[in-house]
Amino acid sequence: MSDLYLPTVTLHVVAATLWIGGMLFFAITAPVLRLVEDDRLRASLFDTLGRRFRLVGWICVAVMLATGVVQLRMRGWWGPAFWSRSALFGTALGMTLIWKLSLVFLMVGVQAVHDFWLGPFLRDELGMRT
């Protein structure tokens, strides 16, 4: 393997930690922010925090996708032979990769719906700035 493998894995893990950590931060702080009585202030806090994390979140997703592909290639787990039905569904490695990618695509999908549909919809409903 290349000398770049360990830095690539490290960057992948750091991006995943920031991405998931940011989502956990929101899960923990959202109930606290809901205690703010002033509706405009509460909405503004949610909006400001969300906008700041959105850029970080999508950068983390891009880094994870890029470093994930690089890691697969460095390990020789790339190409038609690896992505064949028997390699993916017939091996523990393949099944683990399928589960991991399924969860990642689900989380990216949820983030996309939130960032590009739900968030703007709620901002419009509350009459907030764009």
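Tutor: Thr 8 is buried, at a relative accessible area of 11%; buried means under 20%, with a 1.4 Å probe and protein chains only. Residues are numbered from 1 along each chain as its sequence is written. The model is predicted, so local features need pLDDT of at least 70 and side-chain atom pairs count only at pLDDT 80 or more, while totals for chains, interfaces and linings use all residues, and side-chain values use heavy atoms, leaving out hydrogens and water.

Thr 8 sits in helix H1, helices being DSSP runs (H or I) of at least four residues, numbered from the N terminus. Not counting residues up to four places away in sequence, Thr 8 touches Thr 67, Val 70, Gln 71 and Met 74, where contact means heavy atoms within 4.5 Å. Asp 47, by comparison, lies 39 residues from Thr 8 in sequence and 33 Å away in space, C-alpha to C-alpha.

Further along, Phe 26 is in contact with Leu 49, Gly 50 and Phe 53, leaving aside neighbours within four places in sequence. Phe 26 and Phe 53 also belong to the largest nonpolar core, which has nine residues, Trp 19 and Val 108 among them. Such a core is a set of buried Ala, Val, Leu, Ile, Met, Phe, Trp, Tyr and Cys residues joined through side-chain atoms within 4.5 Å. H1 and helix H2 (39–74) each supply at least two residues of this core.

Technical notes. Buried means under 20% relative accessible area, exposed over 50%, partly exposed in between (1.4 Å probe, protein chains only).
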